[in-house]
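Hello,

Here is the structure I promised to hand over. Please look it over before you read my notes.

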Amino acid sequence: MENNIRQIRQVLIYTMVLNLTVSGFKIVYGMMTHSVSIYSDGFHSVFDGLSNVVGLVGLRFAYNPPDSEHPYGHKKVEILLTVMISLMMFFACFEIFKNVYTSLTGKTPELKISVESFIVMISTLAINLFVCTYEKRMGQKLNSDFLIADSAHTKSDIYVTSGVLVGLALSKLGLPHIDPVVGAVVGVMVAWAGVSILKSTISVLIDANQIDTELLREISCKTEGVAGCHKIRTRGARGCVFVDLHIFVDPSLTVARGHEIAHIVVNAIKREMDGVADVVVHVEPAKKT
Ligand SMILES: [Zn+2]
Ligand SMILES: [Zn+2]
């Protein structure tokens with residue numbers, strides 16, 4: 001397992017370096033040629049690189065056990081980073097639309113699209129394709145869902161860049177307004193990606209239930225000695241859920257026996273549910289009937 005993590009980290013580092021290089025290149029090149037679509041495509045790719053950064057941080061902290069200062073673990077570091085990234089995406093969007101506006105109102109110098117632009121874009125496309133295939137293959141080899149999901153993310157970049165290429169070809173054929181229009185479409189996609197990653201953090205930030213409490217009720221109630229349960233709560237992030245609940249036990253049991261039953265419930269929940277980090281059980285006497 002340890003070894004696997006080291007390898008996953010390595011794949012992520014390579015992917016991140018390639019993604020960030022490609023995106024930086026596209027942003028600078030887009031500015032040089034006054035092409036809004038290449039520029040926006042660059043921003044779209046930046047976030048592949050940044051999501052690799054989140055992945056690396058997650059990997060770093062996921063295996064850091066809780067400590068005295070962070071008794072609930074370090075999962076929320078990842079959430080915080082994700083929120084920061086989505087804010088950066090909205091900022092990038094603002095930049096993109098500012099450029100779309102100046103380009104559409106004719107305030108941008110003339111587009112400088114040449115054969116060179118096509119070579120640049122096709123090369124970045126080739127790198128994207130390589131990154132995506134490499135990451136997916138390594139994900140399968142190392143059995144990492146994270147890498148496979150991340151590679152699908154990079155794949156969306158390939159479609160965007162292809163669209164930009166078509167736009168550039170049309171611009172070259174005498175439709176210069178296509179460029180800012182394609183830029184605007186990419187801008188909307190950046191915004192949409194920002195909203196969807198922000199949405200994924202909200203349920204964690206507002207402590208929404210993370211596991212179906214009915215399932216937890218079933219697991220607890222089938223434990224021997226448990227007469228019933230209530231006040232089942234769950235919170236946290238996927239893969240790191242905290243559960244607490246109250247169980248009813250026979251009032252004549254000793255404290256030692258009640259405690260033992262509580263631990264059986266804790267173990268059953270941890271065994272049967274995926275991604276439960278901790279369970280706290282409150283024991284109370286069942287009402288006599
Ligand atoms: Zn209670
Ligand atoms: Zn105990």
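Below is what I found, site by site. Bear in mind that this is a predicted model.

**Zinc sites**

Start with the zinc ion listed as ligand 1. Its protein donors are His230 (NE2), His246 (ND1) and Glu284 (OE), at 2.0 to 2.2 Å. Along the chain these donors follow the spacing H-x15-H-x37-E. His246 sits in strand S2 (residues 240-249) and Glu284 in strand S3 (residues 276-285), so this pair, 38 residues apart, links distant parts of the chain. His246 is buried, with a relative accessible area of 17%. Glu284 is also at 17% and counts as buried.

The zinc ion listed as ligand 2 has His259 (NE2) and His263 (NE2) as its protein donors, again at 2.0 to 2.2 Å. Both residues belong to helix H8 (residues 255-272). They are four residues apart, about one turn of the helix. His259 is partly exposed at 48% relative accessible area. His263 is partly exposed too, at 41%.

**Salt bridges**

There are eight salt bridges in the structure. Side chains of opposite charge can pair when their charged atoms come close.

- Arg217 and Glu214 meet at 3.2 Å, N to O. They are three residues apart in helix H7 (residues 213-221), which means a separation of about one helical turn. Both partners are partly exposed: Arg217 at 31% relative accessibility, Glu214 at 42%.
- Glu272 bridges to Lys222, with the closest N and O atoms 3.3 Å apart. This pair links distant parts of the chain, 50 residues apart: Glu272 is in helix H8, and Lys222 is in the loop between H7 and S1. Glu272 is partly exposed at 38%, whereas Lys222 is exposed at 58%.
- Lys270 and Asp278 meet at 3.9 Å, N to O. Lys270 is partly exposed at 37% relative accessibility. Asp278 is partly exposed at 34%.

**A buried aspartate**

Asp41 is found in helix H2 (residues 36-62). Its relative accessibility is 0%, so Asp41 counts as buried. What does its side chain join in a polar contact? The partner is the side chain of Lys26, at 3.2 Å. Leaving out residues up to four places away in sequence, Asp41 touches Lys26, Met121, Val160, Thr161, Val164 and Val186.

**Nonpolar surface patch**

Leu104, Val181, Val185 and Met189 make a nonpolar surface patch of about 330 Å². Helix H6 (residues 178-205) gives the most to this patch, with three residues. Val185 is found in helix H6. At 48% relative accessibility, Val185 is partly exposed, because that value lies between the 20% and 50% limits.

**Backbone points to check**

Which residues other than glycine have a positive phi? One is His34, with phi of about 60 degrees. His34 lies in the loop between helix H1 (2-33) and H2. It is partly exposed, with a relative accessible area of 23%. Another is Lys231, with phi near 50 degrees. Lys231 is placed in strand S1 (residues 228-237). At 55% relative accessibility, Lys231 counts as exposed.

Best wishes

Note on methods. Residues are numbered from 1 along each chain as its sequence is written. Chains are lettered from A and ligands numbered from 1 in the order in which they are written. This is a predicted model: local features need pLDDT of at least 70, side-chain atom pairs count only at pLDDT 80 or more; totals for chains, interfaces and linings use all residues. Side-chain values use heavy atoms; hydrogens and water are left out. Patches are made of residues with over 30% relative accessible area and no salt bridge: like charges are joined within 9 Å, nonpolar side chains (Val, Leu, Ile, Met, Phe, Trp, Tyr) within 5 Å. Accessible areas come from the Shrake-Rupley method with a 1.4 Å probe; for residues, only the protein chains shown count as cover. A salt bridge is a side-chain nitrogen of Lys or Arg within 4 Å of a carboxyl oxygen of Asp or Glu. Helices (H or I, at least four residues) and strands (E, at least two) are DSSP runs, numbered from the N terminus. Buried means under 20% relative accessible area, exposed over 50%, partly exposed in between (1.4 Å probe, protein chains only). Donors are N, O and S atoms within 2.8 Å of the metal (3.2 Å for Na, K and Ca); water is not among the atoms, so sites may look incomplete. A polar contact is a pair of N or O atoms within 3.5 Å; within protein, one must be able to donate a hydrogen and the other to accept it, and residues adjacent in sequence count only if both atoms are side-chain atoms. Contact means heavy atoms within 4.5 Å.
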